[in-house]
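This report considers how two chains are arranged and how they meet. Please examine the sequence and the structure before reading on.

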Protein chains: 2
Amino acid sequence: MADIERVLIAGEWRNADATGTFQAIDPHSGETLEWTFPVSSRADIDAALEAGSAAASELVRTPVAQIADFLERYAGLIEESSSELSEVANLETALPVSPRFADIELPRTANQLRQAAAAVRDRGWTIPTIDTATNIRSMYGPIGAPVAVFGPNNFPFAYNAVAGGDFAAAIAVRSPVIAKAHPSHPRTSQLLAEVAHRAIQDTGLPAATLQMVFHMAPEDGFYLVSHPLIGATGYTGSRRAGLALKAAADAAGKPIYLEMSSINPVFLLPGALRERGEEIVGELYASAMMATGQFCTNPGVVVLKAGDDAEQFITAMRGRFEAADAGVLLGPGGVRVVGEAVRAMRDAGAELVTGGAPIEGGACRFQNTLLQASGEDFLADPEGLQEEAFGNANLFVVATDDDQLEHIAASFAGNLTGCLYSHSGGDDDPLYDRLVPHLRRRVGRLLNDKMPTSVLVVPSMHHGGPYPATGHPGFTAVGIPASLLRFSMLQCYDGIREHRLPAELRDKNPTGDLWRKIDGAWSQADVATPDAA
Amino acid sequence: MADIERVLIAGEWRNADATGTFQAIDPHSGETLEWTFPVSSRADIDAALEAGSAAASELVRTPVAQIADFLERYAGLIEESSSELSEVANLETALPVSPRFADIELPRTANQLRQAAAAVRDRGWTIPTIDTATNIRSMYGPIGAPVAVFGPNNFPFAYNAVAGGDFAAAIAVRSPVIAKAHPSHPRTSQLLAEVAHRAIQDTGLPAATLQMVFHMAPEDGFYLVSHPLIGATGYTGSRRAGLALKAAADAAGKPIYLEMSSINPVFLLPGALRERGEEIVGELYASAMMATGQFCTNPGVVVLKAGDDAEQFITAMRGRFEAADAGVLLGPGGVRVVGEAVRAMRDAGAELVTGGAPIEGGACRFQNTLLQASGEDFLADPEGLQEEAFGNANLFVVATDDDQLEHIAASFAGNLTGCLYSHSGGDDDPLYDRLVPHLRRRVGRLLNDKMPTSVLVVPSMHHGGPYPATGHPGFTAVGIPASLLRFSMLQCYDGIREHRLPAELRDKNPTGDLWRKIDGAWSQADVATPDAA
């Protein structure tokens with residue numbers, strides 16, 4: 001029997017209390033990779049919860065600088081291990097080493113960790129609010145409990161449960177992370193966790209600041225997210241698994257932040273098509289094909305108004321899709337999921353423009369696929385035609401007139417993004433104004449004249465949106481410092497003696513330039529004390 | 001058959017589609033009051049949802065000043081009707097016209113509405129965040145859908161579904177309110193809603209900006225909070241009803257903000273008791289007896305360390321409780337609820353110090369009641385001894401030593417508040433430092449040397465706390481502007497043409513002094529445009 005890889009629990013790489021094992025698959029060949037990983041039992045989860053809970057109590061007392069040091073050290077070590085990490089991730093996901101990992105995802109991952117470190121040092125994410133007349137002071141502070149993180153299959157670094165945005169946010173708020181690696185890239189997660197573990201040791205954080213298991217039964221996931229010792233959960237993945245975890249967490253009153261699914265409607269208004277249809281073909285093609293369509297922000301549904309321009313647009317896109325080799329998907333599960341979604345959309349009335357079938361042979365591939373439905377079809381079964389095809393399959397919806405376009409806009413469920421392309425001279429403005437009120441409340445991020453696939457890590461970024469894209473419309477998974485608030489709680493100090501206050505709320509500004517809301521106005525000054533007055 | 005009062009739906013006082021009727025009770029006498037109110041059917045709920053949904057679309061286009069005018073006009077009209085409102089509320093709740101209504105609750109209610117108006121004009125609650133290099137801009141904005149509000153029995157004005165904090169917050173965020181009045185004070189709610197309706201007409205807001213029904217079956221409540229047309233729900237009331245509504249809303253992915261129950265632990269440390277025990281007796285007595293104990297922030301459980309000072313303290317409190325006439329509770333239900341809680345605590349090991357039984361006769365009264373349990377009892381059944389007695393019954397827990405005090409602090413469920421009284425010279429500091437880490441993560445508001453019953457409406461106030469005090473530890477029901485965020489969504493604008501942005505996010509500062517986070521720093525300036533550079 002092959003050696004079984006070890007899990008990281010309570011600061012040690014130890015043999016799992018395993019209920020079974022699994023191996024990942026190389027999507028290039030469809031063949032099983034060499035390493036054997038354990039499926040953890042509830043005993044592993046219990047051990048992680050206990051150690052995580054103790055680490056949480058330590059972390060709330062740990063100096064800010066030490067937590068920031070860890071995040072920066074980890075970023076640096078990831079960069080040092082960049083080649084090895086990229087090669088293994090390529091093996092497990094078929095995403096290219098370059099440019100994807102070397103030039104985009106690993107730099108983004110390191111950048112996120114460094115931004116989180118900067119937020120930790122800056123402290124502004126706590127939104128310190130001080131009312132001097134009443135001596136009531138409040139801030140967002142640590143929940144004092146571990147955070148469970150479930151990472152997705154499509155970003156082995158930037159969303160990895162041991163290194164991604166949820167990890168960085170939870171650590172920044174002083175919660176240890178109990179990570180569930182995604183079973184499609186366990187070796188990548190293992191190497192990353194080894195790097196994290198080294199950074200933890202280098203900077204002296206509690207040993208259980210990061211714990212990781214590779215897999216667990218669904219019911220043990222429900223157990224984890226609803227356990228009295230867990231503080232909150234971050235999840236990125238499929239809607240089905242997400243909703244099951246949400247039900248368990250909700251019933252226990254445990255916060256859970258989910259990024260589940262999104263088809264990211266793109267409205268190409270008639271003036272824009274007329275003005276620059278060919279240009280937009282190029283933009284849509286590039287965006288739709290990015291990572292073989294396996295982005296949460298993939299432009300899954302493109303809505304146009306019937307006419308020659310729309311027909312030409314679809315014909316041109318069909319040409320592009322047919323001319324390109326189909327990319328390798330993340331695994332056999334990815335091929336199955338795209339196939340199921342295409343079937344569901346066809347059952348709901350969509351017609352195939354091109355593609356539609358898996359590609360035989362070793363590699364995990366599906367034909368580049370376009371579908372088309374009429375506005376009438378869409379309105380007859382909006383749910384059926386909002387099936388997320390997580391891969392290289394996209395749907396056109398062709399509406400007969402402006403009224404129908406408006407009805408379509410009003411029929412979308414919650415999404416991460418919504419795009420509108422319109423005429424640069426304002427020809428589309430009356431139609432734009434009709435559509436936007438419907439889209440605005442249905443999407444987290446609204447875009448003009450650009451595709452949704454770029455998710456920049458800036459403070460104003462919102463990577464979230466109304467249900468069922470996520471579980472709550474007020475939180476973002478990307479964008480620091482806002483993403484940190486998910487793993488915090490609001491803490492008020494009423495008449496607390498000054499020396500007992502957290503540094504953020506004392507009279508003296510703790511950094512010299514922390515922005516605090518004092519008596520209703522943002523300020524970087526110290527609180528004026530009676531003595532000073 | 002008596003006339004049945006009308007419900008407010010779609011801007012009209014109309015006959016309910018009623019499944020039954022009810023009458024409120026005068027708690028002074030236990031007798032039925034004259035008015036007959038309808039229990040609304042699902043048809044009423046559907047009509048309110050439809051009209052509310054249309055009003056929501058109008059409200060997102062309504063000028064800021066008009067919404068603020070309404071809130072201010074409503075505050076003014078409430079003040080004009082103060083006498084009539086107070087008299088009816090006294091009839092229905094037995095809470096005194098003066099000082100309670102005339103001097104405290106009605107001024108607070110008007111103040112909240114005016115603070116919400118100021119927040120609407122100021123716009124700062126939207127937290128505009130602008131990154132100029134990427135032209136990504138975000139803010140908290142309206143959800144564009146009606147908000148359901150369920151008010152509690154104990155604040156007929158300041159938390160009333162048609163006038164209280166949830167109402168003010170929802171309207172400020174441009175959501176129409178579908179209110180469920182509390183059936184213990186329907187006449188008060190009716191008069192308030194009439195005042196609100198007049199203010200709506202005076203200021204030209206959509207007629208369905210406020211709708212109100214008096215009662216509905218529980219399953220129709222579940223229907224309302226989970227309906228596709230509802231945006232979110234605010235609820236204040238019992239834990240049992242709150243959790244049932246939460247389950248329905250959660251399953252539909254609809255945000256629900258609940259303020260459910262809290263026993264507000266108060267730790268009286270040995271040095272404080274020794275130093276100023278008598279003074280604290282007075283403070284605790286006043287706080288515990290406020291509104292006959294029917295406050296969410298009632299100091300329900302007082303924890304002391306065994307010793308002569310503790311015994312004297314309890315004896316003195318017993319004297320105060322026995323010397324005072326028992327107040328009138330909010331109704332027969334209130335008497336029953338206190339009795340059930342006292343029985344539950346006795347079953348869990350608490351002993352009666354004084355009181356413990358309902359008072360016979362017409363008025364709804366229960367003996368002023370004190371219970372006592374040992375630390376051992378508490379730790380043996382922490383759940384049983386954390387039963388909320390919503391009224392004039394309070395529990396002492398007497399711990400043997402510091403270790404047991406710490407275990408007790410670590411055994412509390414989520415609460416709105418937690419208080420620590422300690423020696424002014426620092427004698428209690430080592431013990432304080434042991435207890436606070438446990439309490440901090442279990443309560444929303446931490447207090448030193450004061451009782452929890454004062455909930456000031458200031459920006460730094462946090463009236464919320466971890467589950468099961470509420471449904472989420474990050475939101476407050478009191479404190480403007482933070483309470484507004486509950487009924488908003490995060491909205492990002494990525495590359496949106498400048499003239500299409502909401503005013504808060506355009507280059508020009510919309511008020512001249514709106515605080516916005518531009519490129520990471522808070523600023524009241526305009527965004528520097530390339531032309532201006």
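How many salt bridges does the rule find across the interface of chain A and chain B? In this predicted model, the number across that interface is 8. The sections below place these pairs in their setting.

## Relation of the two chains

Two copies of a chain are related by a rotation about an axis and a shift along it.

## The interface

Chain A brings 62 residues to the contact, and chain B brings 62 residues. The area buried between the two chains is about 5,400 Å², and carbon and sulfur atoms give 53% of it.

Between chain A and chain B, 46 residue pairs are in polar contact. Several elements of chain A each supply at least two residues of the side that touches chain B, among them α8 (239–251), α14 (429–440) and β22 (443–448). Strand β23(A) gives the most to this side, with 7 residues. By type, the residues of the side of chain A that touches chain B comprise 29 nonpolar, 19 polar and 14 charged.

## Salt bridges

Side chains of opposite charge can pair when their charged atoms come close. Over all chains, the count by this rule is 44 salt bridges.

One salt bridge is formed by R445(A) and D494(B), whose closest N and O atoms are 2.6 Å apart. R445(A) lies in strand β22 of chain A and D494(B) in strand β23 of chain B, so this pair joins two chains. Both R445(A) and D494(B) are buried. Another salt bridge links D449(B) with R497(A), at 3.0 Å from N to O.

Within chain A, the side chains of K305(A) and D402(A) meet in a salt bridge of 2.6 Å, N to O. This pair links distant parts of the chain, with K305(A) in strand β15 and D402(A) in helix α13, 97 residues apart. K305(A) is partly exposed, at 27% relative accessible area, and D402(A) is also partly exposed, at 24%.

## An enclosed helix

Is helix α5 of chain A enclosed or open to the outside? This helix is largely enclosed by the rest of the structure, because 8 of its 8 residues (165–172) are buried. The buried residues include F167(A) and I171(A). Their cover includes α2, α4 and β9 of chain A. Just after α5(A), R174(A) has a positive phi of about 75°.

Conventions
Residues numbered from 1 in each chain as written. Chains lettered and ligands numbered in written order. Predicted model: local features only at pLDDT ≥ 70, side-chain atom pairs only at ≥ 80, totals over all residues. Heavy atoms only, no water. Buried < 20%, exposed > 50% of the residue type's maximum accessible area, 1.4 Å probe, protein only. Helix = DSSP H or I, 4+ residues; strand = E, 2+ residues; numbered from the N terminus. Contact = heavy atoms within 4.5 Å. Buried area = accessible area lost by both parts, 1.4 Å probe. Salt bridge = Lys/Arg side-chain N within 4 Å of Asp/Glu carboxyl O. Polar contact = N/O pair within 3.5 Å; in protein donor to acceptor, adjacent residues only side chain to side chain. Nonpolar A, V, L, I, M, F, W, Y, C, P; charged D, E, K, R; others polar.
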